[in-house]
Amino acid sequence: MIAIFTQGSLRNGLQQPGAWTALKISFETSTISLALMILFGTPISFVLATTSFPGKTLLTTLFELPLVLPPAVAGLGLLMAFGRFGLLGSQLSALGIELPFTKAAVVMAMTFVASPLYVRQAIAAFGSVDPDLLAASRTLGAGPAKTFFRVAVPVALSGLSAGAALGWARALGEFGATILFAGSLQGRTETAPIAIYLGLEQGLDQALALGALLITVSAIVLVSVKLLARGNALRFMPG
Amino acid sequence: MVGPSGAGKSTLLRLIAGLLTPASGRVSCGDELWFDGKRSTPPNRRGVGFVFQDYALFPHMSVRGNVAYGARIPVDPLLERIGIDHLAAAKPRGLSGGERQRVAVARALASEPRLLLLDEPLSALDPSTRGHIAEQLAAAIAAAQVPALIVTHSYEEAIALAADAIVLENGQITQRGQTAQLLRGPRTAFIAQFAGLNYLEGAASGRDVILDSGERIQLAEQATGRIAVLIAPWEITVHRDPAGDSSAQNNLTAPVASVLASGNRVRLVIGPLTAEITAESAERLGLERGQTVTASFKSTAIRTLALREG
């Protein structure tokens, strides 16, 4: 990590226009990906944490599978599902939708790989909410929606935030699935990690500058997760 | 509602509140049907106030926020009436057990429930403050004029909190009636012990009972077969002289196994019996642990309970 900061010229690297474009794409796509994770992952995690139904373990495992899947395999899978010659390719192109090698593909790859981190953490956070708090809310006249928004989410908030930080950091660093499914079109799908990889051929300073920035962002995320987790019995699994 | 642990008391409260759904049966309140085996009214439409054993206060809300959460009446006068208006801005974390309990009761009452369910509302409290808080709780419930079903595991609490009691054992109601009546006519071993009576099993023949612990006891009436003998601790007199109280038919001589003072009463364990005498008598007799004494009681003070054979 120290080597990344010392072996190049940060200033020179950041003056390359490509570096800023890649960073901008990375932040834009990872933030959209995070929004999707929170929007869909939060209610799904709540249901998985608070109810029991047949097939629940199977479903939970399915949500967790991308966690252990090699990202390259995830990217290949996305390409085979949504690519032009993929499983849903002909239906999508009939609708005029072309996913591969677009920003949407970057977001999909990121979400696919990173959302299990958020969901896992969110299930743990909701699972540690005293069920009597939810029961109390119901007896006080609140329906399931009010109970979810006014009691479950606020009580689980620090765990959810820690999960969101981890999920976002994972999305920001996503490389394998993105390069297979979204490619590396400069200015469109070239995210910071991909720019680092390509930078090895184009210019080392740019790669090192981006690397230094990503290390800084990751460190900030880790520290904020630790702060959020303090005083809260959280079980989180980085990576 | 009283009963041994595992009898289903909390489950019954949750079935009434709609927090659990029974496999079959009927739940209704007044003329409203809440569950009939097919349809179930969700808990938020039943209008039941629930006070949980650990109070389940929302940790992220202030006292006022908790009470206001489901409130259908003005919150501030209620806080004042329950005596927690000075805590309105406090978070539950910093409150004492007694304060939390009052917040939980206020929160339940604020939703204007048609029925109040309280699951062991005093068990999370320090024993030294329980009596005082029980009185306040009884007053708050009475003032609210809402029917209340209270689960408790102590006879003193039951007496303090409710005029009528039901006893639940193994999912069945084994006795119901006035709370004080449980003492006079307990129908099961649990109720006798719950009410603090001596409970001794033995075999009866005519007026004689041979206890399982070996002692012989004389009854006022005839009995046969396996029975339990019930004697209130305060019906037993204690003497140092083995000849004992000549008017009592039953005398039992044994060393004092323990002496426990509670207020101005002293509880003594003598052989299989627990006797309760005044602190004055205990002092006059100079009672100590290990000292041999005679416990006496009249046959007319004994109640019996027929036990099922085997």
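Chain B has 9 helices and 15 strands, where helices (H or I, at least four residues) and strands (E, at least two) are DSSP runs numbered from the N terminus. The model is a predicted one, in which local features need pLDDT of at least 70 and side-chain atom pairs count only at pLDDT 80 or more, while totals for chains, interfaces and linings use all residues. Residues are numbered from 1 along each chain as its sequence is written, and chains are lettered from A and ligands numbered from 1 in the order in which they are written.

Along the principal axes, the C-alpha atoms of chain B fill a box of roughly 70 × 45 × 25 Å. Chain B is divided into domain 1 (9-189) and domain 2 (198-310), with bounds that come from an automatic or database domain assignment, and the C-alpha centres of these two domains of chain B lie 38 Å apart. Of the 310 residues of chain B, 37% count as buried, that is, with 20 or more other C-beta atoms within 10 Å of their own, the C-beta atoms being placed from the backbone.

Between the chains, 17 residues of chain B are in contact with 14 residues of chain A, a contact being two residues whose C-beta atoms, placed from the backbone, lie within 7 Å. Strand 3 (residues 48-51) of chain B gives the most to the side of chain B that touches chain A, with 3 residues. By class, that side of chain B has 10 nonpolar, 5 polar and 2 charged residues; here Ala, Val, Leu, Ile, Met, Phe, Trp, Tyr, Cys and Pro count as nonpolar, Asp, Glu, Lys and Arg as charged, and the others, Gly among them, as polar.

| Helix pair | Angle between axes | Distance between axes |
|---|---|---|
| Helix 5 (residues 71-82) and helix 7 (residues 103-127) of chain A | about 130 degrees | 10 Å |
| Helix 7 and helix 10 (residues 157-173) of chain A | roughly 165 degrees | within 8 Å |

Axes are lines fitted to C-alpha atoms, for helices over the stretch in contact, and angles run from 0 to 180 degrees between N-to-C directions. The contact between helix 5 and helix 7 of chain A is made by residues including A:Pro71 and A:Leu78 of helix 5 and A:Met108 and A:Phe112 of helix 7, and by class this contact has 7 nonpolar, 1 polar and no charged residues. Where helix 7 of chain A meets helix 10 of chain A, the residues include A:Tyr118 and A:Gln121 in helix 7 and A:Leu166 and A:Arg170 in helix 10, and the residues of this contact divide into 13 nonpolar, 5 polar and 1 charged.

Definitions and conventions. A residue is buried if 20 or more other C-beta atoms lie within 10 Å of its own, exposed if 12 or fewer, and partly exposed in between; C-beta atoms are placed from the backbone.
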